[in-house]
Structures are given as structure tokens and as C-alpha cells.
Amino acid sequence: MDWLKQSAAAQGRAIMAGLLDPVDLVEAYLDAADRHPYTERIYARMTPERARAEAIAAHDRARAGQRRGLLDGVPINWKDNIDTAGAGCEAGAALLRGRVPTSDAAIVRHASAAGLLCLGKVHMTELAFTGLGVNPITATPPNHYDPALAPGGSSSGSAVSVAEGLAAASVGTDTGGSIRVPAAWNGLVGFKPGTEAVPSAGMVPLCPRFDVAGPIARSVEDCAELLAAITAAPAPDLRGVSLAGLRFLVLEGAPFSGADEAPLTAFEEATDTLARAGASISRAALPSVDEALALSPALLGAEAYASWRAQIEDAPELMYPPVLKRFRGGRDVLASTFIEGWQQLERVRGAFAGAVARCDAVILPASPILPPDVQRLLDDADYFAERNLMSLRNTRIANLLGLPAITLPTQRPACGLMAMGKKGGERALLRLGAALEAALLA
């Protein structure tokens, strides 16, 4: 069996059963990285010494019957905007070149305490501010389905590393879709918790009111276990899940406007599958969604520019011009516009919650477009800007509304189905996600 292509949970169970040794597993991943043709485009830096030391400790715990949880001894990696002590953390930006944190982020400490092993840091888009995964400043990971296509971002290396068998799972971050877009475009599960559900200390910020870390993995169970590890909380019980009697609202209107044919076909096929599994499907376009999307440029753009204004304006020549232009899009937002925007967004969130109160989840295509060609994106700045906004349009609805969201693979490559849950309902959404997964894989 090729353990490197198995889920993190399956690896954990094999360690528990004595069928797999953490030391051997780490060496297998390190060897795979040595042999992979695109490792330097996927990993920003590896941490073999740390991984090996942690693997020995996990091996000793397993032999002593003192494993700390299901994922004790399982190797994962971290997006390069999450601090790991003694290893560079540059957030895909020349502006942060040479930055080496002296301590782990809070979520890394929690994961290490749960026995997870750190393989290293993976590439991302510059300062996490694009959804395409294209980064000529550092590296652009290859899409799992076709190296010529964009991998999705900003957690590009996170998704590609898992899809290519170079980590059991990864922890990325999501401000407007940066976990779910690359997960969808590489055939994986991506889970975005609510912003307040995960500690943010030790993460390089983009928009702190929206930023949140979360897992990209091969299964919903992996995501549930990883979320438990990084939050130092028990994992939800995923047993006995079923779609029978669940109510889903298909969010019509904006999520489907201008979409590519393949994501639409994949979504309709998936909703038919859910209905056959016993779910009730209704459809509606909600004005609150359009109102939320209209607020996005002022709220996200202004906060992103405020977070990085000093560094950007000190050395703008170090940035990729389309990303620099996107940051500067928030430069002229008035303080009154920002404050009024947040007041309006809170009203919109309330209106949306009321409109979907009787639904178990809202579903929509994870991304309305397929991964575009990387070279065309690099050659045409206008195309880059337009495809970037489209790539993130559907996912950022959940960020704006403050909701947890999960994307799952469909039967068509690079096409994900996204479900949005209720505020504070991460555990319920993961259980629902497990039921969705069972139906979609049947």
C-alpha cells in the first residue's frame, strides 16, 4: 500500500495498529520530496531535522501505548504565513525575505502537542492576497491535474503538496477563499472555520477580521481531526451521519453568474446525488448575498492595505504589480466608509441568518471557474485581475457572512461543492460534510 496517498486518519490508525512507524513514514515523505520534480515549487522550505525528531518521539509513544490521539505521528505541513520556530516564514513575499520567527504559532503548538509532525512550510501567493495561486515572486506550485494550470490560492502549496503525496494534510489560511479554492482545484477537502474558532497568534495577517486557519486534506474526517488538533479541542463524532431529511438551500443568483460550464454541471450532478440520498433541495437568490459582496472591496481592501501599507510603500518595487495594484485598491477607502460598511455588514449577516434559519446548510459551487492557464495570467494583467475576482467570488460569501464552510470534490476534476453552515456551527458542519462526502463518493 502507498501510505503517502492515504488519508491522515488512515495513517494514524495504521500507526495505532503497529502497521506503520512514524519514523519510516517521515523518511518516506522526505524521500518522495527528494524525488518529486516540483518539490521546490511546492515547499518553500522543509524541516527534516524537526520532522525526524518529532517522529522518534511519536515512535516511542506508540511503543509505550501513550499515543496522544488519532493523528499522533502523522506528518503534515504548514502554509508559509504560519510561524514555525527557527524556520523562515515569508508569506510568499520579498517584503518579508529573511523573516525567521523564534516561536511556533499557537496552532502549531497545539498540533505538536497532539503529536503531529512538521515536514516544513509550503509556498503561497504573495501576502495571501490572490485566489489563483500564481506567484512569480517566489514560486507557483503546479496544479495537480495539469502543471500548466493555476493551483488555486492563496494556500497553493498546501493543496498541491497533499494532492501530490508530499504531506498527509496541510494547514492553510482563508480570508476570502484561500483554503477552499485550492482544495477544489486539486480534488481535496478544504474546511474554513469561523474566524473566532481558531487561534490567530503567530499568523502573518492579511485582514485580521476575516483571516482564519484551517485544514486541507483528503477527507472530512482528516479535516475534523486536524481542526481538533489546532484548537486543542475534541474532534466531532462523525459516526452515524446521513443526508436523510436534511434541508439544503441552493444559493442562486450571483454564485452562478458567468460561471464556466464544468463547475455548473458538476454542481447539478452533485445536487441530484444529494436528493437521491434523501436530502431536500430548495433554491433561492437572497438579496443579502449581493449586499455582502458589494461591501467586499471596501472592507477587505481597506483592511489589507492598512495591514501592509508601511511595508508596501517602503518598497513597492519588490511586489508583483497585479498584487500591488490590488493592495492599493484599498488605499483611498475613507474611515467613514469602512465603519459604515461594517455596520451594514452586520445587518446583512442578520438578514441572511434569518433567511436560511430553516436550512441545514447552503450549497453552491466552490468556484465558478476552472483553473486558468498560468502563462496567460502572467502575460495579461487584466485577465489576472478578472480571473482572480471570479475565483474567489463564491467562497468569499462565507467570509463576509462570518460562516464556516467546507468544499468537497465532485465527480468532475477541479470542481468542488461548497456547503456553508451556521455561525459557530463548525462541528455540525463537519458532521454534515461527512454525510455529503459519503453520498458524493458512493
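Visitor: Hi! How do strands β2 and β4 pair?
Guide: Strand β2, residues 75–79, and strand β4, residues 170–174, run in the parallel sense where they pair, over two bridges. Keep in mind that this is a predicted model.

Visitor: Which residue in β4 is the bridge partner of W78?
Guide: That is V171.

Visitor: And what holds strands together in general?
Guide: Strands of a sheet pair through backbone hydrogen bonds, in either a parallel or an antiparallel way.

Visitor: How many strands form the open sheet here?
Guide: Eleven, in the order β1-β3-β2-β4-β6-β5-β10-β11-β9-β7-β8, and the pairing is mixed.

Visitor: Which are the edge strands?
Guide: They are β1 (43–46) and β8 (280–284), each of which pairs on one side only. From one strand to the next, the twist averages 30°.

Visitor: OK, new topic: helices. At what angle do α10 and α11 pack?
Guide: The angle is about 120°, and the axes are 8 Å apart. Helix α10 covers residues 287–314, while helix α11 covers residues 321–328.

Visitor: Why are α10 and α11 called oblique to each other?
Guide: Their angle is about 120°. The range for roughly perpendicular stops at 115 degrees and roughly antiparallel needs over 145, so an angle between those counts as oblique. That is why α10 and α11 are described as oblique to each other.

Visitor: Which residues meet there?
Guide: From α10 there are G301, A304, Y305, W308, I312 and E313, and they meet L324, F327 and R328 of α11. By class, the residues of this contact are six nonpolar, one polar and two charged.

Visitor: What's the mix of residue classes?
Guide: The lining of the largest pocket divides into eleven nonpolar, nine polar and four charged residues.

Visitor: And the second largest pocket?
Guide: Its volume is about 240 Å³. The second largest pocket has 14 lining residues, and T195, E196, R349, G402 and K423 lie nearest its centre. Helix α12, residues 335–355, gives the most to this lining, with three residues. By class there are three nonpolar, five polar and six charged residues.

Visitor: How many cavities of 30 Å³ or more are there?
Guide: The count comes to one. The largest cavity has a volume of about 40 Å³.

Visitor: Which residues line the largest cavity?
Guide: The lining is made of N81, A128, T173, T175, M203, V204, P205, L206 and D211. Five of these are nonpolar, three are polar and one is charged.

Key:
Residues are numbered from 1 along each chain as its sequence is written. This is a predicted model: local features need pLDDT of at least 70, side-chain atom pairs count only at pLDDT 80 or more; totals for chains, interfaces and linings use all residues. Side-chain values use heavy atoms; hydrogens and water are left out. On a 1 Å grid over the protein atoms alone, a cavity is a set of points where a 1.4 Å probe fits but cannot get out, and a pocket is an open set with protein on both sides within 12 Å along at least five of seven lines; lining residues have an atom within 4 Å of a point. Grid points are joined across faces, edges and corners, and a volume is the space filled by probe spheres set on the points. Ala, Val, Leu, Ile, Met, Phe, Trp, Tyr, Cys and Pro count as nonpolar, Asp, Glu, Lys and Arg as charged, and the others, Gly among them, as polar. Axes are lines fitted to C-alpha atoms, for helices over the stretch in contact, and angles run from 0 to 180 degrees between N-to-C directions. Helices (H or I, at least four residues) and strands (E, at least two) are DSSP runs, numbered from the N terminus. Angles under 35 degrees count as roughly parallel, over 145 as roughly antiparallel, 65 to 115 as roughly perpendicular and the rest as oblique. Contact means heavy atoms within 4.5 Å. Two strands pair if DSSP finds at least two bridges between them.
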